Amino acid sequence: MTNEVSKKIDKKKQQGRTLWEDKSRVALIDVGSNTIRLVVFDLNGRLPQPVFNERAFCGLGATLGSTGKLSAGSQRLARKTIHRFSSLAKQMKVDHLDIFATAAVRDASNGADLIQAVFEETRREMRVLSGQQEAQHAGLGVLAGIPKAEGLAGDLGGGSLEFAMISRGRIGQTASLPIGTLRLLDMFGDELTDAEAYIDKTLKSVPWLTEAIGQDLYAVGGTWRSLAKLHMVRENYPLRILQQYELPGTEAEKFARKIYNENDPADAVNAGISSKRARMLPVAALVLHRVMKLIKPSQFVVSANGLREGILYDNAQRDLRKKDPLIEFCKDTARRQSRFPEHGSDLRRWISPLFENEDEDILRLQYAICLLSDIGWTGHPEYRAEFTMEQIMQRQILGLSHADRAFIALALFVANGGKVGGESAALPVSLLRQDQVKLAKQIGLALRLGQRISGGTKKLLGRSTLQINETEVTLSVPDRYEYLVGDSVRSRLKALAVVMGREGVVDLTPAEATSPAATQ
């Protein structure tokens, strides 16, 4: 059956266009081996915004290991689910609908029956991804959210496990292996010891996996994310955001072994994981443990982005893919929430002399902080610092680690008058080292000074400069603009200088002789 979506994609690529276009709405129906999920995205530049997300457990891969077929019951449930999701997408007036299937439909001897049934009921064609395509898109999904990812992406589903090497923003070698959670449960039941040898043998069939030894492992897929969520709960981790949740490789390996040895789905349910997902955690933990044993990763990093986001990213224009998702988020948020959205770039230049020796990563975060410096103005003055901080700690933001998120949030907390040391800022502080806390305070206080002397205007900000030396932080203002330096400005300069271990100095520079016309 010719695929309608693929034809549209090919035609648009020939015309220099893609499915990822500004101001479009796209729906993806992901027909997986365990769940079927509908996600609707509003596309706006570099930031696809999910506006609807629903899943249904259909278990298409539940009998794949023992019979090689999709069961009649799972097919019936899948057909109803896909029909409903297609109807929802139509009512949401999406511009594009892509229905795609993965390992269960790909490997089942009767997978074509489901494809035909879906077409007859919905008049929509369901494309089947190859194992290579599935792996490629999973890796691209990681890159969409973590542009500097380097290492191995692993996407564990119900029917298969996909691998993709990631280096310098590109996908390298890929592999698709028949060791998904549902398939293994169907083949081995609860006899995880027997499954271990099969997993090891299957992993060894991919010789290039040893090239990933010592690199980071990026974990994709709902079951591995559930393992990470369980780890968060047990460790009482303060930030319940899975994207870029990180563990040292050795710690993740020990935890995986512990979970499959315990084999206690009830504990996972108590941690807020669905019972259907919890049932698969022991075997998912076993697969993770064997992968970790083989490649000994430096870090275990969770990616909330995966196959679906990878498909979108693959269809994004090249210049769009090169944009930094964090900076694009900040620019977009500033446009929508700030009184003076253009002021962020001005503040960045104004405070830059204080931080010339910081590395590229810190300067990137500093730029993000400057762009977001005015987003809290609608908050009540008594709670503005907390209001701004919580927006950053709780929003869906890509392209930053948990520590990066905390750093930005703490700097904005300080810029809006918050005092570090109390309960209000305990969350971001708990995720940072002391040197990071100090630097966040410095950036926040520098912005607080810039906001006060300029009132959010470029012209007034441009009438002053900041310099720093071994003993002083100096605010220089031409003497004819002395009126800009009131008590509040002097107080904020002093607070900045103190946290930088220096004295605050105001330098009222004599104005050069100018003609009357030039000073009017």
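Student: Buried means under 20% relative accessible area, exposed over 50%, and partly exposed in between (1.4 Å probe, protein chains only). How many of the 14 residues of helix 20 are buried?

Tutor: Twelve of the 14 are buried, so helix 20 is largely enclosed by the rest of the structure. Helices (H or I, at least four residues) and strands (E, at least two) are DSSP runs, numbered from the N terminus. This is a predicted model, in which local features need pLDDT of at least 70 and side-chain atom pairs count only at pLDDT 80 or more, while totals for chains, interfaces and linings use all residues. Residues are numbered from 1 along each chain as its sequence is written, and side-chain values use heavy atoms, with hydrogens and water left out.

Student: Which residues are buried there, and what covers them?

Tutor: Among them are His402, Arg405, Phe407 and Phe413. The cover, by contact (heavy atoms within 4.5 Å), includes helix 9 (222-235), helix 16 (325-337) and helix 22 (434-454).

Student: What follows just after helix 20?

Tutor: Gly417, which takes a positive phi of about 95°.

Student: Turning to the sheet, in what order do the six strands lie?

Tutor: The order is 8-7-6-9-11-10, in an open sheet with mixed pairing; two strands pair if DSSP finds at least two bridges between them. Strand 8 (170-177) and strand 10 (246-248) stand at the edges with a single partner strand each, so one side of each lacks a neighbour in the sheet.

Student: In which sense do strands 6 and 7 pair?

Tutor: Strand 6 (residues 151-156) and strand 7 (residues 161-167) are antiparallel, over six bridges. Gly154 has Phe163 in strand 7 as its bridge partner.
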